[in-house]
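Biologist: I'd like to learn how to read the packing around a helix. Could you take me through it on an example?

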Amino acid sequence: MVSDVVVEALFITDIVLNFRTTYVSRKGEVVSNSKSIAVNYLKGWFFVDLVAALPFDFLYASDVYSGEVSNLIIA
């Protein structure tokens, strides 16, 4: 349980850091503009990272104990 929380915290930290990390454009230039970095990340790996960071085990555990979570997801 503690290890799950640590792993999820690392994924969330990764997402935050990716919004601030420079990248190399196709022209070979290092891009350090915050807005350009955010747009590049949102167009690329953001959604993959977001899905990886979702706490599926907590959602499943909540669903087992009450049907409210599944109703929220379906609705």
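Biologist: What covers the buried residues of helix 2?

Modeller: This is a predicted model, and in it the cover includes helix 1, strand 1, strand 2 (30–31) and helix 3 (46–53).

Biologist: Which residues of helix 2 are buried, and which are exposed on the other side?

Modeller: Buried means under 20% relative accessible area, exposed over 50%. In helix 2, Ile37, Ala38 and Tyr41 are buried. Looking down the axis, you find these buried residues within an arc of 95°, so they line one face of the helix. Lys35 and Lys43 sit on the other side and are exposed.

Biologist: What caps the N-terminal end of helix 2?

Modeller: That's Asn33: one of its side-chain oxygens lies 2.9 Å from the backbone nitrogen of Lys35.

Biologist: Now the rings. How many aromatic pairs are there?

Modeller: Rings pair if their centres lie within 6.5 Å, and planes over 60 degrees apart count as edge-to-face. That rule gives four aromatic pairs here. Take Phe19 and Tyr41: their ring centres are 4.9 Å apart with planes at 90°, so this pair is edge-to-face. Phe19 belongs to the loop between helix 1 (2–18) and strand 1 (23–24), while Tyr41 is in helix 2 (residues 34–43), so the pair ties together parts 22 residues apart in sequence.

Biologist: How does each of the two count by relative accessibility, phenylalanine 19 and tyrosine 41?

Modeller: Phe19 has 23% relative accessibility and counts as partly exposed, whereas Tyr41, at 7%, counts as buried.

Biologist: And which residues do the ring pairs link into a cluster?

Modeller: Phe19, Tyr41, Phe46 and Phe47.

How values were computed:
Residues are numbered from 1 along each chain as its sequence is written. This is a predicted model: local features need pLDDT of at least 70, side-chain atom pairs count only at pLDDT 80 or more; totals for chains, interfaces and linings use all residues. Side-chain values use heavy atoms; hydrogens and water are left out. Rings of Phe, Tyr and Trp (its six-membered ring) pair if their centres lie within 6.5 Å; planes under 30 degrees apart count as stacked, over 60 as edge-to-face and the rest as tilted. Helices (H or I, at least four residues) and strands (E, at least two) are DSSP runs, numbered from the N terminus. Buried means under 20% relative accessible area, exposed over 50%, partly exposed in between (1.4 Å probe, protein chains only). The arc is that of the directions from the helix axis to the C-beta atoms. Contact means heavy atoms within 4.5 Å. A polar contact is a pair of N or O atoms within 3.5 Å; within protein, one must be able to donate a hydrogen and the other to accept it, and residues adjacent in sequence count only if both atoms are side-chain atoms.
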